[in-house]
Amino acid sequence: MGIERHLNDTVHVTNLEWLVNWSRKSSMWPLGFGLACCALEMIATFVSRYDLARFGMEVARPSPRHADLMIVSGTASKKMLPAILRIYEQMAEPKWVIAMGACACTGGIYKNYAVVQGIDRHLPVDVYIPGCPPRPEALMDGILQLHAKVMKEQSLHNPPIPKIRSAG
Amino acid sequence: MKQEEIQEKLSTAFSSEVIQAVDEFQGQIYVTVAQEKIREVCLFLKNDPDLAFDFLSFVGAVDKYPKKPRFEVVYQVYSLKRNHRFRIKALVDETEEASASIDSVVSVWPTADWHERETAEMFGINFNGHPDPRKLLLPEHWEAHPLRKDFSALGNDQDTPDLPPRVRN
Amino acid sequence: MPVTESLELNLGPHHPSTHGVFRAVVELDGEIVVNATPHLGYLHRGFEKTCENKHYHQVIPLAERCDYMGASSNSLVYCLTVEKLLGVEAPERAQVIRVMMAELSRIFSHLFWMGTHAHDVGAMTPLFYMLREREEIMNLFELTAGGRLMPNYLRIGGLIRDLEDGFVERLRAFTDHFDRRVDEYEELLTKNAIYMDRTMGVGILSKEDAIALGASGPMARASGINWDIRKSEPYSGYEQYDFDVPVETGCDVYSRYLVRIAEMRQSRRILVQTLEKLPAGPIRASKPGVIFPPQEEIYTKMESLIHHFMLVVEGLKPPVGEVYQCIESPRGELGAYLISDGGPQPYRLKWRAPAFVNLESLGRMSKGCFFADLIAILSSIDIVLAEVDR
């Protein structure tokens, strides 16, 4: 329409917020944060059969300083929780959290004294992916839904940074 | 060696005060020994040339609350040379004055180290003479002994909180 | 006079090379490790306590998640323990299929070990190659009962359902080309000068130390102990299969690698024999009131329907007693000690986890080595944190 057609569709006209959101979702670097069994399905999603690299996400960084997306895959035990919170704090804004698997969403089949009953008690989760473990296709579906969510974000309005209750 | 022969050898080597009970289920015999003599019995099991139990599979415990004596500490042993297995148990009780305690067998089988640490924190049993009696699996700030029968599997916010108490503001 | 002090480094629970949430506090003198103290419990999920509140059948998925690498070995040892308690034996066809699942789990686990171990030492290629094999095995698992990783296929008394059409052909195709794939991996690593430099003479665990510290499985076989529970105390029909037990005397990381590669080849041999042997017949033992009746009978016979209903709602009630049963899992001696008080829930289930016991030898093996060697030694033990912490 309009100016784009006159320039033979070599130019795309949009607003800055769309551009920022698009660049954020197209190269979101996940933090390789596999805790338990779901980590194996996460690894299977990264490699050639299901290939997460086509969404720009094959750079899985072990260091939280380099990562944008924390995929909590596996059971968060209460002993591990302070470490999880510390790693979340070390990630730079903007950052997102995916709770992958039943254990990260709600505690899963471990309703007992040793397991945090869902990491959303302590972290702001963006997408929940149920399953035990979820298939790689389910993880990709969840990641694509996160991308859709990022595209709708009001990224230029500087929302307040959520304060999390960390371990001191 | 057959299970009966192993049990025979044990019963002849130790008096009936030490060998408190002999039971059998589905072809597996297990012997209950007096808890004061556990180290002696284990040394005998390891050093006797016919028995030769050089491999300790595990050390575990069972809580029999509200029966008395409350705990049973179980030792499952295996002999690599003779290819036979056996199980011995020791009954340990806890009273109001003293918590349950039994001698450690780390000097007999060094692998018992971590098994005993885990049993100690899960049940609250002391292993005398253990070289490193620290917690193994549970968080440092917990006081609970989860595998006891009077501890609910769900835990609670006082005994098993999600996060450690804040140490600074 | 310069004063030296050792550096205490935290190999934290979040680390790319620790195969999960493992933490070690390492005391370093320059680059030499003086002491490595493991701190465990970061994946403690209260498995043993949770099992005391579940029915016997409900424990099977919980047990499978204990060792998520070779999930079918866990359900095998648990089902064998309960069957011993009950005094039933699974029928012939179920035993052969159980052996298939156990050996597939062994290959599954060793492949992942090999890929991540090579990655830790510096070789990235085997990681991607072995994930290709694992996808084929996951297709096979999916054909049994639907789960890619944790198929949840075994039941007390046998299996939940018979093999799907096409499973046997797929398994045959897998065994046909698997040997050549293992040759590919060996070509990359076995005579590779860098790999041999990094792993030979590293992480020595002598035979006496291995027995004293309770090492079992490939850790023990790489130290010269000729012990495999499939040969010494056979279960589920293993005495009928013809296979070798690879034993090395090098006692180092390289020997453990050789043992596991050879085990993969032997597992493939066993799989070929199970394919030839697979008999027809029922896939679950028959003991009304304790074992689930066959699915077809539930729709036609009244007693079977009632038994099925009571088993699901009330759970099975075994006789009072205790048993210990162990199998050769990919990591070593995996055992379950089960005490029953006659009720529908286990009174006590103690899980003898091989990775937990094998990890005890880390302190002994890593004294005096370089820090980079510590990572190689840790990966050679083949730990799965869910099993270590339960």
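Which residues does A:Val72 touch, not counting residues up to four places away in sequence? I started there, keeping in mind that this is a predicted model.

**Entry 1: the core around A:Val72**

I listed the contacts of A:Val72 and found A:Phe33, A:Leu35, A:Val97, A:Ala99, A:Met100, A:Ala104 and A:Ile119, with residues up to four places away in sequence left out. I then looked up the largest nonpolar core, which has 210 residues. A:Val72 is among the members that touch the most other members, along with A:Ile98, A:Met100, B:Ile125 and C:Tyr68. I also checked which element gives this core its largest share, and it is helix H4 of chain C, residues 92-121, with 16 residues.

**Entry 2: helix H3 of chain A**

I went through H3(A), residues 38-46, and noted that nine of its nine residues are buried. The run begins with A:Cys38, A:Ala39 and A:Leu40, and the buried residues also include A:Glu41 and A:Thr45.

**Entry 3: the contact of chains A and C**

I noted 26 residues from chain A and 22 residues from chain C. On the side of chain A that touches chain C, H3 and helix H4 (81-90) of chain A each supply at least two residues. H3(A) gives the most to this side, with three residues. I sorted the residues of that side by type and got 17 nonpolar, five polar and four charged.

**Entry 4: strand S4 of chain B**

I turned to S4(B), residues 71-79, where nine of nine residues are buried. Is one face covered, or both? Both faces are covered. On one side I have B:Phe71, B:Val73, B:Tyr75, B:Val77 and B:Ser79, all buried. On the other I have B:Glu72, B:Val74, B:Gln76 and B:Tyr78, also buried.

**Entry 5: the partners of S4(B)**

I looked up the strands that pair with S4(B). Strand S3 of chain B, residues 55-63, runs antiparallel to S4(B), and eight bridges join them. One pair I noted is B:Gly60 with B:Val74. Strand S5 of chain B, residues 84-92, is also antiparallel to S4(B), with nine bridges. Here B:Tyr75 stands opposite B:Ile88. The hairpin of S4(B) and S5(B) has four residues between the strands, and in it B:Asn83 takes a positive phi near 55°.

Technical notes. Residues numbered from 1 in each chain as written. Chains lettered and ligands numbered in written order. Predicted model: local features only at pLDDT ≥ 70, side-chain atom pairs only at ≥ 80, totals over all residues. Core = buried A, V, L, I, M, F, W, Y, C linked by C-beta atoms within 7 Å. Buried ≥ 20, exposed ≤ 12 C-beta atoms within 10 Å, placed from the backbone. Contact = placed C-beta atoms within 7 Å. Nonpolar A, V, L, I, M, F, W, Y, C, P; charged D, E, K, R; others polar. Pairing = 2+ DSSP bridges.
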